[in-house]
Amino acid sequence: MTALANAARPAPRRPNALLGMLVFVTAECMFFVGLGFAALQLRRTVPAWPPEGAPGLDVPVILASTAILLASSVTARRAVEHARRDERAAAGRGMLVTVALGGAFLAAQARQFVLLGGWRPAEGLYGTLFELLAGFHGLHVLVGLLAWAPALAAARWKHPARTVHARALVGELYWHFVTLVWLALLALWFMP
Amino acid sequence: MSDPMEGGVVAARWRRGPLGWLATVDHKRIGLLYIAAASVFFVLGGLLALLIRSELWSPGYQLMGPETYNRVLTMHGTTMIFLFVIPFLAGLGNYFAPLMIGAPDMAFPRLNALSFWLFLFGGVFLYSSFLTGSVANAGWTSYPPLAGATYGAGAGIDYWLMGLIVIGSGSLVGAINFIVTIWNMRAPGMSWGRIPVFVWTVFVMGQMVLFATPMLTGGLILLLFDRNLGTSFFGSAGYPVLWQHIFWFYSHPAVYIMILPAFGVISEILPVFSRKPIFGYKALVGATVAIGVLGFMVWAHHMFTVGLNPTAQMVFLVATMAIGVPTGVKFFNWIATMWGGSISFPAPMKFALGFLSMFLIGGISGIFQASTPLDLQLHDSYFIVAHLHYVLFGGSIFGIFAGAYYWWPKMFGHRLGERLAGWHFWLMLVGFNLTFFPMHLLGLDGMPRRVSDYPAGRGWETWNQVETVGAYMLGVAVLLFCANVLLAARRREPAGDDPWQGNTLEWLTSSPPPAHNFHTPPTVTSLRPARDRRLGPDHAPAAREGGREPHGNAAAAPARAQAVAIHLPEPTPWPPALALGTTLLAAGLITTLVVAVAGSLLAAVALLMLVREDLALEREEGAR
């Protein structure tokens, strides 16, 4: 924490919080590498992919949710830029838009879950596996929404823009991670 | 030797009493909490081991039936690995890594508290399954289908899975903290080439936890789903071997997570008691990193009998043999460090040498098992048990005791008694070999591991009885250590700041160190800053020993550093509250939903309070 910075120490190139998030995101990636590895191994246990008679995914819904998530990464970047340029109000608004887009993505995912008929493991591997991957990704989106809280609170309670920026950078890093994992999962899923 | 107080303003933040310990964010106190809690689990795990050895005194059932035996065996392995060795070494790292790099605390003091409490509550939750009457019984590896819904009925394995998820999260949070601390918080002049070897090993250990633990968490969650939600990831409709891949992808690196910091402890002790610099610092560090990387490429050597394709087996065979090379590099460096030195043999050095000789035996029997054809014979026999105990007991635990004796004076201000330490060492060395060496022979003779009984008339009784006697000797040795601790605490013979004439920064501050560690931030011009200070400016080398130019303001290093205000975070009850909430959430998910809801509410409140504290701190800093 910044509390431990002191005059005799050169400021580190990356602040602790940002470096910590970078390291944490690495670990999070390994979690999805694990799930992805499991998915690839399990895919090999069925003769065809998608298996005969598997419930269909609604491709337009998936495309829409992907577009929403990509857009939210753009708004996240712009919000952080605002914070860097000392425009606290605009940064706060930008983060709120990002959070709203994240919420919309989650709604679209929920819609997809309903289309798949909810959690029915006995229905077979295809639906279960999709819901597992998308479900854990969704949980991470939820955490990503929370990761904006420190920056939003700093903006709301009129902390200096420098504080808002430092916290927003950390939230942004996590947010891009969430977007990238979604793209990777899609590639894994639709890979022939 | 401690620095004079030079007008630094220090925020007082040590509170007395149990509440002070509960709310502490000080890395030294958290380190001691880790060490104390892990020691309690060590005693529990040791008692379980004595139960195992008593049961195996002779053929037939002495104390317990097979079901109880399976539970005791499972909890012994789980306790020793997840609740003793890993957290104890994390405790040493917590206490000493910041001191050795000259930092006032860890990078994230409150996260540091969180990781400890997650470990403790997770461990308590795991043990609480004893109250439910159903305890995990599928071995510490919990392979499905044995640990699946059909054959692993009862809540015990669910407790095990959830407990490990919580403990693993704590371990992960701790690893992030170690990495960022060592990366960002080093004293002026401490370039990467001047980081003490122990700190390097903690750094690499942290990286391994970072890459390995999330995989295990994923696997644990899938198995929980299989058991409770009717999925079949590891069942007959899925792929049972998948669990073994995921489990060993974590658990083989976990072996190095448990041994690397012990390597680091040894690398600190040998130069001090040989009165020589460490031999081949760069090679030692390089070997540590190499072990960290190679450690991820050998996991399937645990699975040679499941029928992997032969090419894959060959790859894992070669990688496993290859990991012997950096380990060998370390051994030769350690020997060369002692070579020609002026060696003395106080307790830390005794245990370090015990480590060298015992770990060597374990390392070499590991090379045997790397060979696929031989492993097909040795798999699941007592030979494996012998090997893993030579590595984890002869290695990690001897290393842990070496570190405990070495750093005791720093942590508590007084030394442990040498005479009793000598008895402890010799009894442990003899008892250890009596317990575990015969297992090689029994294993080669085909005695299967993990079985509660063995047939009479195979000639296995004698060796089993020797092993049981050895195990009780180990128990007595641990009691001697406890007696030593108590007697030394009563005697309180002041040890001074630098009883061993050490090399590293922790010996420059008082024993025990003040809350903020150093009154003036130390500056570093070589690998042995404490020795430089002891011998005076003529002996301090110019800024070149470490190789590259040091970072930061090392140009001004020889000049006396300025005393500065060190502001440390206040104690806070919210990290333990967050850990408790998380554990309750995990517990509730497999028991009653009300507990889960209460847990998540508590966790949410704690998180909010932590954010609030952080912002308040920031505002205060800005105002100053």
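## Confidence in chain A

pLDDT is the predictor's confidence in each residue, on a scale from 0 to 100. This is a predicted model, in which local features need pLDDT of at least 70, side-chain atom pairs count only at pLDDT 80 or more, and totals for chains, interfaces and linings use all residues. Residues are numbered from 1 along each chain as its sequence is written, while chains are lettered from A and ligands numbered from 1 in the order in which they are written.

Chain A has a mean pLDDT of 88, with 92% of its residues at 70 or more. Look at residues 1–7 of chain A, though: pLDDT stays under 50 there, and the model gives them 20 contacts beyond four places in sequence (two residues are in contact if their C-beta atoms, placed from the backbone, lie within 7 Å). Where pLDDT is low, the predicted coordinates should not be read in detail.

## Chain B as a whole

Now turn to chain B. Its C-alpha trace spans about 75 × 60 × 55 Å along the principal axes. Of the 624 residues of chain B, 56% are buried, meaning that 20 or more other C-beta atoms, placed from the backbone, lie within 10 Å of the residue's own.

Among contacts in chain B with a separation of 6 or more, 83% join residues 24 or more positions apart.

## Helices in chain B

Chain B holds 18 helices and zero strands (DSSP runs, numbered from the N terminus: H or I of at least four residues for helices, E of at least two for strands).

Note on methods
A residue is buried if 20 or more other C-beta atoms lie within 10 Å of its own, exposed if 12 or fewer, and partly exposed in between; C-beta atoms are placed from the backbone.
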